[in-house]
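Please examine the sequence and the structure shown below before reading on. The report then treats a few features in turn.

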Amino acid sequence: MYYSFLADALVILHLAFVAFVVLGQLAILVGIIFKKTWARAFVFRVIHLVCIGIVATEGMLDIECPLTVWERNLRSDAGQQDVSEAPFIPQLANRILFYPGIPHVYFERMHIAFGCLVLLTFLVWPPRLPKKSKESLN
């Protein structure tokens, strides 16, 4: 029970990470188009770039996502063959994350290409550096 709960929580966390990266990029592009200042928020943009940078690097080095490996190991420890034995929400999260029948190499290429898009966006429309307060200048 404990391992299956952790596996279920992990697949949901994994989906949240992917949603942050994908929807974050969409928000950045929309924000840039409409000249919104939050689209160039330094901390958000750097965190976003680091997140996809890790994923793209894993793709370039042919490293399976540690969250995927960890979830698989937890399911194995729980005596589950796969996520089909999990409740509805973890199954849904898994279906959104993984597409059966698509070779792993295509996922790697998509991760690398998306990383390049985020990096290009970061370079062409860079974040605004944080302003120094007057107090820190004294």
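This is a predicted model: local features need pLDDT of at least 70, side-chain atom pairs count only at pLDDT 80 or more; totals for chains, interfaces and linings use all residues.

## Helix α2

Helix α2 covers residues 42-60. At 1.5 Å a residue, its 19 residues should span 27 Å, and the C-alpha atoms at its ends are 26 Å apart, which agrees with that expectation. Just after α2, Asp62 adopts a positive phi of about 55°.

Which residues of α2 are buried? They are Arg45, His48, Cys51, Ile52, Val55, Ala56, Glu58 and Gly59. These residues cover an arc of only 165° around the axis, and therefore they lie on the same side of α2. On the face turned away from the buried side, α2 carries the exposed residues Val43 and Met60.

## The largest nonpolar core

Five residues make up the largest nonpolar core: Val21, Cys51, Ile52, Val55 and Val118. Helix α2 gives the most to this core, with three residues.

When neighbours within four places in sequence are left aside, Val21 is in contact with His48, Cys51, Ile52 and Phe114.

## Val11 in helix α1

Val11 lies in helix α1. Is Val11 buried or exposed? Its relative accessible area is 1%, so Val11 counts as buried, since the limit for that class is under 20%.

Leaving aside neighbours within four places in sequence, Val11 is in contact with Glu71, Arg75, Pro90, Ala93, Asn94 and Leu97. Val11 and His48 are 37 residues apart in sequence, and their C-alpha atoms are 20 Å apart in space.

## Aromatic pairs

A pair of aromatic rings is described by the distance of the centres and the angle of the planes. A search of the whole structure finds three such pairs. In one of them, the rings of Phe20 and Phe44 have centres 5.8 Å apart and planes at 85°, so the pair is edge-to-face.

Phe20 lies in helix α1 and Phe44 in helix α2, so this pair ties together parts that are 24 residues apart in sequence. Phe20 is partly exposed, with a relative accessible area of 27%. Phe44 is also partly exposed, and its relative accessible area is 25%.

Definitions and conventions
Residues are numbered from 1 along each chain as its sequence is written. Side-chain values use heavy atoms; hydrogens and water are left out. A nonpolar core is a set of buried Ala, Val, Leu, Ile, Met, Phe, Trp, Tyr and Cys residues joined through side-chain atoms within 4.5 Å. Buried means under 20% relative accessible area, exposed over 50%, partly exposed in between (1.4 Å probe, protein chains only). Helices (H or I, at least four residues) and strands (E, at least two) are DSSP runs, numbered from the N terminus. Contact means heavy atoms within 4.5 Å. The expected span of a helix is 1.5 Å times one less than its number of residues. The arc is that of the directions from the helix axis to the C-beta atoms. Rings of Phe, Tyr and Trp (its six-membered ring) pair if their centres lie within 6.5 Å; planes under 30 degrees apart count as stacked, over 60 as edge-to-face and the rest as tilted.
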